[in-house]
Amino acid sequence: MERLQKVIALSGYCSRRKAEELISKKQVKVNGELITQMGYKVNFNDFIEVEGNPLNNIEEKVYYLLNKPRGIVTTTKDEKGRKTVVDLIKTDKRIYPVGRLDYDTTGLIILTNDGELTNYLIHPKNNIEKVYVAKIKGLITKDEIKKLCNGVIIDGKKTGRAKAKILKIDKKTNSSVVELIIHEGKNHQVKKMFEAIGYSVLKLKRESIAFLTLDGLKSGEYRQLSVKEVKKLYGEKNN
């Protein structure tokens, strides 16, 4: 069940604020009944009319958390015929990935048909925390870690402040493992940040987004987000 004004907004008819205004002006009916109560809850099978117009494009919202394997593209369709993240989810809903992970990057990605939440999660001003673990070529130093934290120049612009720490230094293989926490989502950002301080990324995995983690999910596995988790995401959105 969802609040009536939210369902109207999700349909694309108008904004949530405008929907509340129309409800208060007695311009909304549900299953033929005039609704004036703010916060009235409906489901996606109810017949809703706004200003005499039946609502279209109302679809129940679904939310999936996928542990993306290497070699899968983050899109809904691929011109080259490669398998996509959408292909891994069994659903009859038209879902799409929230943000992107490179073809060779693994880890957590959310798929949904909720445009409102998607826009919130991908907009850089909302500072959604994303945790990555990168294996890089070379032995990184603490001074270089500080550079990542303070921001580096990629594509002509300085990245925002980040958090980073060394997880492992392997002199035998001349490699390092670094945890990097960012709040942005620029194209190839993590790889470009390491390139900016002279390192190439050998492997990259996204471990978490906000409070969501990969706990219990093997590579290629997915699960639906619980109602509590979705509400918590919306709770963060409305803080």
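In which sense do strand 2 and strand 3 pair, and over how many bridges? In this predicted model, strand 2 (residues 28-30) and strand 3 pair in the antiparallel sense, over two bridges. V30 has E33 of strand 3 as its bridge partner. The two strands belong to an open sheet of four strands, in the order 3-2-5-6, with antiparallel pairing. Strand 3 (33-34) and strand 6 (53-54) are the edge strands, and each pairs on one side only.

The chain as a whole was examined next. It holds six helices and 17 strands. Its C-alpha trace spans about 75 × 35 × 30 Å along the principal axes. Of the 239 residues in the chain, 43% are buried. The chain exposes about 13,600 Å², and carbon and sulfur atoms supply 46% of that area. Among contacts with a separation of 6 or more, 61% come from residues 24 or more positions apart.

Strand 7 was then considered. Six of its six residues are buried, so strand 7 is largely enclosed by the rest of the structure. In a regular strand, side chains alternate between the two faces of the sheet. In strand 7, Y63, L65 and N67 point one way. Y64, L66 and K68 point the other way. Strand 7 has pairing partners in strand 9 and strand 17. Six bridges join strand 7 to strand 9, and these two strands run antiparallel. Here Y64 stands opposite L111 of strand 9. Three bridges link strand 7 to strand 17 (residues 222-224), again in the antiparallel sense. In this pairing, the bridge partner of L66 is Y222 of strand 17.

The relative accessible area of N67 is 5%; the cut-off for buried is under 20%, so N67 counts as buried. Beyond its neighbours within four places in sequence, N67 is in contact with G107, L214, L217, K218, S219, G220 and E221.

In soluble globular proteins, nonpolar side chains tend to be buried together. The largest nonpolar core of this model has 32 residues. Within that core, L111, I140, L148, L180 and F194 touch the most other members. Strand 7, strand 9 (106-112), strand 10, helix 4, strand 14 and helix 5 each give two or more residues to the core. Another core lies apart from it, with 17 residues, among them V98, I110, I128 and I209. I140, of the largest core, touches I145, L148, I166, I169, S176, V178, F194, I197 and Y199, with residues up to four places away in sequence left out.

Helix 5 (residues 189-196) has Q189, V190, K191, M193 and F194 as buried residues. Which elements do the buried residues of helix 5 pack against? They pack against strand 10 (130-137), helix 4 (142-150), strand 11 (153-154), strand 14 (175-182) and strand 15 (201-209). Helix 5 is followed by G198, which has a positive phi near 95°.

Strand 13 and strand 14 form a hairpin with four residues between the strands. The two strands pair in the antiparallel sense over seven bridges. D170 has S175 of strand 14 as its bridge partner. N174, in this hairpin, takes a positive phi near 55°.

I169 is also found in strand 13. Its relative accessibility is 36%, and so I169 counts as partly exposed. On the surface, I169 forms a nonpolar patch with L139 and I166. Together the three residues have about 200 Å² of accessible area. I166 and I169 are also among the residues that I140 touches.

T159 lies in the loop between strand 12 (157-158) and strand 13 (163-170). Is T159 buried or exposed? With a relative accessibility of 4%, T159 counts as buried. Not counting residues up to four places away in sequence, T159 touches N150, G151, V152, I154, E184, K186, Q189 and M193. Two of these, Q189 and M193, are buried residues of helix 5. T159 and L101 are 58 residues apart in sequence, and their C-alpha atoms lie 18 Å apart in space.

Notes
Residues numbered from 1 in each chain as written. Predicted model: local features only at pLDDT ≥ 70, side-chain atom pairs only at ≥ 80, totals over all residues. Heavy atoms only, no water. Buried < 20%, exposed > 50% of the residue type's maximum accessible area, 1.4 Å probe, protein only. Contact = heavy atoms within 4.5 Å. Patch = residues over 30% accessible without salt bridge, like charges linked within 9 Å, V, L, I, M, F, W, Y side chains within 5 Å. Areas by Shrake-Rupley, 256 points an atom, 1.4 Å probe, with all protein chains shown as cover. Salt bridge = Lys/Arg side-chain N within 4 Å of Asp/Glu carboxyl O. Pairing = 2+ DSSP bridges. Core = buried A, V, L, I, M, F, W, Y, C linked by side-chain atoms within 4.5 Å.
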